[in-house]
Amino acid sequence: MRIDIVSIFPEYLAALDLSLVGKARVAGLLDLRVHDLRDWTTDRHRTVDDTPFGGGAGMVMRPDVWGQAIDELTATGPAHLVVPTPSGTTFTQRTAEALATEDQLVFACGRYEGIDARVAEHYRAAGHRVSELSIGDYVLNGGEVASLVMVEAVARLLPGVIGNPESLVEESHGAAGLLEYPVYTKPPVWSDLEVPDVLLSGHHAKIRRWRRDRALEKTSARRPDLIAALDASTLDKHDRAF
Ligand SMILES: NC(=O)c1ccno1
């Protein structure tokens with residue numbers, strides 16, 4: 001997979017040189033390129049924004065500069081354009097899974113009051129998939145941090161990036177549709193707190209059931225919406241599996 005991230009603050013994306021995503025880039029599992037939007041400007045001041053039509057506070061990012069950048073970056077084939085914005089549809093694990101199947105993602109990091117609406121409109125009309133996505137109901141100063149979040153969530157799903165793909169199965173928001181059960185490691189007693197006995201029992205069926213029950217408990221308490229979204233067959237599968 002190729003991922004292009006365009007920003008006027010490319011140094012914001014330096015974190016993608018680190019840890020698992022950084023290792024995946026070095027190993028050739030992910031072709032990730034960060035670009036400075038100002039490289040596509042043509043004036044002396046490298047201008048990327050202008051005042052909003054209709055008035056209002058702040059500045060809007062120009063469509064012509066974004067168009068030059070996205071045209072160049074998508075020249076090799078169909079790319080999925082992702083625009084992080086608080087006004088977008090919510091980015092979830094399902095979104096990450098869908099994006100992880102794409103050949104190329106282009107993240108357009110807006111700043112100021114955002115990117116001229118015609119950019120998304122133009123690339124949809126040109127046949128590209130365009131997703132305006134929000135990582136939550138709050139406002140950031142730009143799309144860079146949201147892009148970091150989404151790129152990490154997508155990259156870790158790519159083959160070979162996570163050492164043990166088994167760990168993707170039982171984590172929160174995985175196929176089971178639940179939040180993950182509590183996890184413990186050595187020492188068996190810490191701060192007068194003991195690890196649940198069942199986890200020390202070696203009884204794998206009991207451990208599986210205990211973990212399922214804790215996952216259902218946690219999900220019911222914190223995210224009843226996820227329980228409500230589980231169809232009866234999934235809940236039934238949970239019961240039949242233990
Ligand atoms: N909530 C968001 O995803 C976001 C993106 C840019 N600003 O906020």
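Biologist: Is isoleucine 8 buried or exposed?

Modeller: A residue counts as buried when its relative accessible area is under 20%. In this predicted model, isoleucine 8 has 7% relative accessibility, so it counts as buried. Isoleucine 8 belongs to the loop between strand E1 (2-7) and H1.

Biologist: With which residues is isoleucine 8 in contact, leaving aside its neighbours within four places in sequence?

Modeller: They are Asp36, Leu37, Arg38, Val48, Met61, Arg111, Tyr112 and Glu144. By way of contrast, consider arginine 208: between isoleucine 8 and arginine 208 there are 48 Å in space, C-alpha to C-alpha, and they are 200 residues apart in sequence.

Biologist: Where does arginine 111 lie, and which side chain does it join in a polar contact?

Modeller: Arginine 111 is in the loop between strand E6 (104-108) and helix H4 (118-125). Its side chain and that of glutamate 144 are joined by a polar contact of 2.9 Å. The relative accessibility of arginine 111 is 12%, so this residue counts as buried. Among the residues in contact with arginine 111, beyond its neighbours within four places in sequence, are Ile8, Phe9, Tyr12 and Met61.

Biologist: How does one read the sides of a helix, and which residues of H1 are buried?

Modeller: The general idea is that an α-helix has 3.6 residues a turn, so residues three or four places apart point the same way. In helix H1 (residues 19-26), the residues Val21, Gly22 and Ala24 are buried. They lie on the same side of H1 because the arc they cover around the axis is only 160 degrees. Exposed residues Ser19, Lys23 and Val26 are carried by the face of H1 turned away from its buried side.

Biologist: What covers the buried residues of H1, and what follows H1?

Modeller: The cover includes strand E2 (31-36) and helix H5 (144-155). After H1 comes glycine 28, which has a positive phi, near 80 degrees.

Biologist: Which residues are around the ligand?

Modeller: Pro84, Thr85, Pro86, Ser134, Ile135, Gly136, Tyr138, Val139, Leu140 and Gly142 are around the ligand. One can then look at individual atoms. An N or O atom in the side chain of serine 134 is 3.4 Å from a nitrogen atom of the ligand. A polar backbone atom of isoleucine 135 is 2.8 Å from an oxygen atom of the ligand, and a polar backbone atom of leucine 140 is 3.2 Å from a nitrogen atom of the ligand. Of the 240 Å² of accessible area that the ligand has on its own, the protein covers 97%.

Biologist: How is an aromatic pair read, and how many are counted here?

Modeller: Two values describe a pair of aromatic rings: the distance of the centres and the angle of the planes. The count here is one aromatic pair. The ring centres of tyrosine 184 and tryptophan 210 are 6.4 Å apart and their planes are at 55 degrees, so the pair is tilted. Distant parts of the chain are linked by the pair, with tyrosine 184 in the loop between helix H6 (166-169) and strand E8 (189-190) and tryptophan 210 in helix H7 (residues 204-222). Tyrosine 184 is partly exposed, at a relative accessible area of 43%, whereas tryptophan 210 counts as buried at 15% relative accessibility.

Key
Residues are numbered from 1 along each chain as its sequence is written. This is a predicted model: local features need pLDDT of at least 70, side-chain atom pairs count only at pLDDT 80 or more; totals for chains, interfaces and linings use all residues. Side-chain values use heavy atoms; hydrogens and water are left out. Buried means under 20% relative accessible area, exposed over 50%, partly exposed in between (1.4 Å probe, protein chains only). Helices (H or I, at least four residues) and strands (E, at least two) are DSSP runs, numbered from the N terminus. The arc is that of the directions from the helix axis to the C-beta atoms. Contact means heavy atoms within 4.5 Å. Rings of Phe, Tyr and Trp (its six-membered ring) pair if their centres lie within 6.5 Å; planes under 30 degrees apart count as stacked, over 60 as edge-to-face and the rest as tilted. A residue is near a molecule or strand if one of its heavy atoms lies within 4 Å of it. A polar contact is a pair of N or O atoms within 3.5 Å; within protein, one must be able to donate a hydrogen and the other to accept it, and residues adjacent in sequence count only if both atoms are side-chain atoms. Accessible areas come from the Shrake-Rupley method with a 1.4 Å probe; for residues, only the protein chains shown count as cover.
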